Amino acid sequence: HFFDESIRLDRMAKFFKTYYGRLFFARGFVAEKLGQASEASALYDKASQFLNDNPAFLTQVNEVRRRLLIEKVK
């Protein structure tokens, strides 16, 4: 339901979509701190999918994803 654009999300669906996005972000943060960069990157990607319509949180996720890419290149 969260990703089917033909279905309009009600207030609670939007709440849980944001909740899951923040949850994936938090799990990515933990994975990153444990040195699991590829796992963290995958979790941040999943977080961005859930937070795609929430600009404040999406900006935060994208900043972390950019930082991970820069560190990976080094």
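This is a predicted model: local features need pLDDT of at least 70, side-chain atom pairs count only at pLDDT 80 or more; totals for chains, interfaces and linings use all residues.
**Entry 1: two helices side by side**

I began with α2 and α3, and I noted that they are roughly antiparallel to each other. The reason is the angle: helix α2 (residues 37–50) and helix α3 (residues 55–73) pack at about 155°, and angles over 145 degrees count as roughly antiparallel. The axes of α2 and α3 are 10 Å apart, and I wrote down the crossing of α2 and α3 as left-handed.

Next I looked up who touches whom. From α2 I listed Ala37, Ala40, Ser41, Tyr44, Asp45, Ala47 and Ser48, which meet Leu58, Val61, Val64, Arg65 and Leu68 in α3. I sorted the residues of this contact into eight nonpolar, two polar and two charged.

**Entry 2: a charged pair between α2 and α3**

I then followed the charges. Side chains of opposite charge can pair when their charged atoms come close. I found Asp45 in a salt bridge with Arg65, with the closest N and O atoms 2.9 Å apart. Asp45 lies in helix α2 and Arg65 in helix α3, so this pair ties together parts that are 20 residues apart in sequence.

**Entry 3: reaching back to α1**

How many salt bridges are there? I get four.

One of them joins Asp53 and Lys17, whose closest N and O atoms are 3.7 Å apart. I placed Asp53 in the loop between α2 and α3 and Lys17 in helix α1, 36 residues apart. Is Lys17 buried or exposed? I have Lys17 down as buried, with a relative accessible area of 5%, whereas Asp53 is partly exposed at 46%.

I also saw the side chains of Glu32 and Arg67 meet in a salt bridge, 2.4 Å from N to O. This pair links distant parts of the chain, since Glu32 is in helix α1 and Arg67 in helix α3, 35 residues apart. Glu32 is buried, with a relative accessible area of 14%, while Arg67 counts as partly exposed at 34%.

**Entry 4: a look at Phe29**

Last, I picked out Phe29, which sits in helix α1 (residues 11–33). I noted Phe29 as partly exposed, with a relative accessible area of 43%. The C-alpha atoms of Phe29 and Val64 are separated by 9.0 Å, although the two residues are 35 apart along the chain. Val64 was already in my notes, as one of the α3 residues that α2 meets.

Methods:
Residues are numbered from 1 along each chain as its sequence is written. Side-chain values use heavy atoms; hydrogens and water are left out. Helices (H or I, at least four residues) and strands (E, at least two) are DSSP runs, numbered from the N terminus. Buried means under 20% relative accessible area, exposed over 50%, partly exposed in between (1.4 Å probe, protein chains only). Axes are lines fitted to C-alpha atoms, for helices over the stretch in contact, and angles run from 0 to 180 degrees between N-to-C directions. Angles under 35 degrees count as roughly parallel, over 145 as roughly antiparallel, 65 to 115 as roughly perpendicular and the rest as oblique. A crossing is left-handed if the near helix is turned anticlockwise from the far one by less than a right angle, and right-handed if clockwise. Contact means heavy atoms within 4.5 Å. Ala, Val, Leu, Ile, Met, Phe, Trp, Tyr, Cys and Pro count as nonpolar, Asp, Glu, Lys and Arg as charged, and the others, Gly among them, as polar.
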